[in-house]
Amino acid sequence: MFKSLKRTVMKMFRELLVYHHSSLEYRAKILTLMISSNGEICECEKQKLKEIAHSIYGNDQDRAELLLDAVNEYHNKIMTNNGLDFEHLIQLVERETKSIKR
C-alpha cells in the first residue's frame with residue numbers, strides 16, 4: 001500500500017522529487033520512440049524494456065520503475081492522442097539532442 005502510494009506521488013511530482021529528472025525523461029522518450037513505432041507494446045517488448053531499465057539503473061530499483069512508468073505514460077499519451085503524437089515526440093527528442101550534448 002505504502003509503496004504504491006509512494007510511486008504515485010513520485011510520478012505526479014517527478015520534476016521536483018527525482019534527481020536528474022531530465023535525463024530520465026530523455027531516456028523515456030527515446031525508449032518510447034523505439035517501442036511505440038508499431039502502435040502497441042507486446043509482452044516481449046515489456047520484458048525487454050524492463051531489462052533495459054534495470055540495466056541502466058542497476059542498483060536503483062525505484063528509478064528503474066520510474067523510467068518504466070514514464071515510458072508507459074508517454075506511450076499512453078501517443079495512443080490516446082492526449083497532446084502528444086509520434087511526430088511531435090520525435091521533434092522533442094531531436095531538439096533535446098541538439099541543445100544538450102549527451
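Modeller: The model is predicted, so local features need pLDDT of at least 70 and side-chain atom pairs count only at pLDDT 80 or more, while totals for chains, interfaces and linings use all residues. Residues are numbered from 1 along each chain as its sequence is written, and side-chain values use heavy atoms, with hydrogens and water left out.

Biologist: What makes up the secondary structure of the chain?

Modeller: Helices are DSSP runs of H or I with at least four residues, and strands are runs of E with at least two, numbered from the N terminus; the chain has 6 helices and 0 strands.

Biologist: How do you know that the span of α6 is close to the expected one?

Modeller: The expected span is 1.5 Å times one less than the number of residues; for the 14 residues of α6 (86–99) that gives 20 Å, and the helix reaches 20 Å from its first C-alpha to its last.

Biologist: Which residues of α6 are called buried?

Modeller: Buried means under 20% relative accessible area and exposed over 50%, with partly exposed in between (1.4 Å probe, protein chains only); Leu89, Leu92, Val93 and Glu96 are the buried residues of α6.

Biologist: Why are they said to line one face of the helix?

Modeller: The arc is taken from the directions from the helix axis to the C-beta atoms, and the buried residues of α6 fall within 95°, so they line one face. The face turned away from them carries exposed Glu87, Arg95 and Lys98.

Biologist: What does the buried side pack against?

Modeller: With contact meaning heavy atoms within 4.5 Å, the buried residues of α6 pack against α3 (21–35) and α5 (61–79).
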